[in-house]
Amino acid sequence: MAARTILRNEWRLLMADRPLKIVLGLFVVLLGYALTNGVVWLRFQERTVQATQTGNAERIHAFGQELEAIENGAEPSSPFADPRSPLVLGGPSGSHTAVLEPGPLTALAVGQSDLLPYYYDVNVYTNESSFHQNGEVENPLNLMVGRFDLTFVAVYLLPLLVLALSFNVLSEEREQGTLALTLSQPVSARTVVAVKLAFRAFLVAGMVLAVSLLGALATGGFGSPGRLLLWSATIVTYALFWFVLAAWVNTLRRSSAWNATVLVGAWLVLVVVLPAALNAAASLLHPLPSRVEMITAQREASNDAVNRRSELLARYLEDHPEMAEGVVADEPGLGALSWAATDAVNRRLEEVTAEHDARRDDQIALVRRYRFLSPAILAQEALLDAAGTGDARFADFQFQVRAFAEQWREFFVPAILAGEEMSARVLPDLPRFRLKDEEPAEVARRATVPLAALGGLLVLVSTGAGIGLGRVRGAD
Amino acid sequence: MIRHIARKEFTDVMRDGRFRWSSILVGALLLVSLAHGWDQTRKARQEHAAAQATAREHWDTQGEKNPHSAAHYGIYAFKPRLALSFVDEGVDPYTGTSVWLEAHRQNDFLLRPAQDATAAQRIGALTAAQVLQHLLPLLIILLTFAAFAGERERGTLRQLLATGVGRRELATGKALGIAGALSLLLAPAALVGAAALVVANPGPAASPLARAAVLAGVYLAYFTAFLALSLAVSAWARSARTALVVLLTVWVVNGLVAPRVAVDLSKRLHPTPSALEFARTVEQEMAASVEGISRPDRDESTRRLLAEYGVESVEDLPINAVGVYLQESEEFGNRIFDRNYGALWDAFERQGVVHETLAVAAPLLAVRTLSMGLAGTDVEQHRHFASAAETYRRDLMRRMNGDMTENSLTGDFTYTVGAEVWEAVPSLQYAAPTLGWVLGNRGLSLAVLGAWLVGAILAAAVRVRRAEVG
């Protein structure tokens, strides 16, 4: 009963507060702008994905026609691009583009999808250096600043709105002298504050969630209900964290102005300063190794390999008997020799990158330990994971492409070593990349850590606020 | 009189615990970021210099081969770090660090450091520039918001003015007092920065000290504008709380909202092609002729040579016709690359102008542009190096094709040369753009920042004159 009265009054207060209505309206405009940016980016990626798939089909079709023509007596279009050669059909001009479909909620979170490559051309020459490409064409300045998407609005601006709505939830009543009157009713301070904040939280989180769901509806995000649920849970937990923090500060019995200063300070430290300071500390304590030496190593390996091709081939055949059925190592063809060199370079490159990646993973593991200090980093991590635009999904994609490249080599290398010719008959059997996208359970398991940490922070401030509210007396 | 007010304001600030702690925090962050940036830059420079030397050694010691094989082997170029990049790393983490200069094609710069980092590391790098652009204005706001509004609330403004102090004197005094307190924080940082610049080998930046001086001037103008704006708001606002809320809103729009709005706006106004479309367009144009750029025809090239030398068959030519044709193809390719990469860089530049224009609403955008420009870490200076590397590549290819043309005959595939030819190729000597070049490109940002400075001071003057007493 008391709760309903408080709610009704809250509604009346909101309707009477013009500046507040303007701020809320502005927030909706920002949400709308953020969503359209995400949708535009998603559509752009979808068009590119479509184009890569058409490209795959067109290449196979063209090769099929040429191979059939050659079988019927025609000459290959160029002696260097004879599709009967496995180094051509399986080489750069016959590449299969392996592509990562945009994350199901990309429209809500651009995340890393503007920086990391989401498709790779796979052929027999694919090696570790193939994974160090630039990804989408993008102005470095825009990459540096980052997009205005829903994740940005949720992580940075949502807390500010929350604080604007709640910094004086109790202090204002005290300053107006209505606190004693309110608490003289059969209602506790806990209930009053809880209902007031629940109303506001419902309003703010409701706006963000409504726009998110609208975005998901428009872009097929409902196909991944688990991700949508994770997204919503993160938004709600993060928003509640800020509301409860405001309630806690309100129980300290200071003025509204003091509350506002402290809460804005908290926002500044937790959202702006801490992430930057953590990044600085991370790169100071655990510097990321540079990739520059990789180029030198690759160069040296290939110089060396070219000079020792015969020796390398013999070793290759010893190491990979499965690849070499019917090959006589004593009289290797040119293709086999060059393949042995290619393979040696690839192995050396794998060594260099493995060393580098291990150091990188160590650094990242250390950096990620610090994220528990900042709710903003936690929320961002969970939101990106939910959207499918976080680091993990891209790493998983790269992992799958590596396996696919191996499959592609297994298909062509025996023919390269044996100097065999390919025909149109092999085309239907060519390996095709099929993305095995993350299982919902996997996403959920991964996101449990940041979400639980965020929940832990929420419990922490809730306890503080609960104890503080228990001490509030009308006579304060 | 102004001196008395300034001294009083200065003492107030110094006694204020909030200021002491926040300035200690900001000062520590500033010094740490300077030291860290300096260390990073030094390491990166050593690494790049070593890699560049090794790349050159690989070129010199590639052994006996045909010049065109050497052209395919090519050489790597590594982007140098300029002297001032330790203050502002700019877009450097988002541009590649090295490029392979090989025959027939212009490659992209690869290995972007940001691709090795995580999403969390993208949301804020702590550089001196970030501290100066974001945290310093915040400190100024906290020091200034109550300057008038607070005195008015306490009723001391009426008293003060009753003593016969002019409003302008009062405002100037307060501004000077706060500026004095801030200079205790900024002067040591500037000295440390200048010392680091002198101690560090200044690298290839032209006139690093002049750049640093202008950089200091830019930041000083930014801080002055913020100080004046805060005073204006403090004089205008009814209460100190209103002043704080308004100024914090300005800060959020300036530092957080406007920069990101500019990103998506610039992409919509000046879209760039997808990487796939770009690669396909280049490929298609290389395979056929486009608008006035015709693909060289091998037979026609040979016919022309035969006529020029007055001989009947290619065997009689004193030069290698293949070398001539290769160079013609190279020049055709160059025109295609210029056309496509030129259009892309121009689109980036127009997107940059959108960012610069939005500085009208957020001075940070003007300061950021100028800061990156002066530090040598903006998109334009990346383009400048990329063009230098590409010019070098073209010269290298011309030399290789020229050697083949002049010293071998058509059809002679056994022709090889050795170290004397490789060593005769000059190294890539990069001259970073001059200060004049940078400032010439940044006229818009200079104008907008100037307008903010003048506008903020005028607003402060007007608001202080009209300020209500109580």
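The model on screen is predicted.

Show helix H2 of chain A, residues 18-71; A:Ala34 is found in this helix. Next, display its contacts. Leaving aside neighbours within four places in sequence, A:Ala34 is in contact with A:Phe148, A:Asp149, A:Leu150, A:Phe152 and A:Val153. Now pick A:Leu417, 383 residues from A:Ala34 along the chain. The C-alpha atoms of the two are separated by 54 Å.

Move to the nonpolar cores. The largest has 226 residues. Select A:Ala239 and A:Ala246, the residues with the most contacts inside this core. Then colour helix H10 of chain B, residues 208-236: this helix gives the core its largest share, 17 residues. Another core, of 27 residues, lies apart from the largest one. Among its members are A:Val292, B:Ala51, B:Tyr76 and B:Phe78.

Zoom in on A:Ala246. Not counting residues up to four places away in sequence, A:Ala246 touches A:Val162, A:Leu163, A:Ser166, A:Phe167, A:Val169 and A:Leu263.

Last stop: where the chains meet. Here 59 residues of chain B are in contact with 56 residues of chain A. On the chain B side, select helix H11 (240-269), one of the elements that each supply at least two residues. H11(B) gives the largest share of that side, 11 residues. Others to highlight in chain B include helix H2 (17-60), strand E1 (75-78) and helix H14 (321-357). Colour the chain B side by class: 29 residues are nonpolar, 21 polar and 9 charged.

Methods: Residues are numbered from 1 along each chain as its sequence is written. Chains are lettered from A and ligands numbered from 1 in the order in which they are written. This is a predicted model: local features need pLDDT of at least 70, side-chain atom pairs count only at pLDDT 80 or more; totals for chains, interfaces and linings use all residues. A nonpolar core is a set of buried Ala, Val, Leu, Ile, Met, Phe, Trp, Tyr and Cys residues joined through C-beta atoms within 7 Å. A residue is buried if 20 or more other C-beta atoms lie within 10 Å of its own, exposed if 12 or fewer, and partly exposed in between; C-beta atoms are placed from the backbone. Helices (H or I, at least four residues) and strands (E, at least two) are DSSP runs, numbered from the N terminus. Two residues are in contact if their C-beta atoms, placed from the backbone, lie within 7 Å. Ala, Val, Leu, Ile, Met, Phe, Trp, Tyr, Cys and Pro count as nonpolar, Asp, Glu, Lys and Arg as charged, and the others, Gly among them, as polar.
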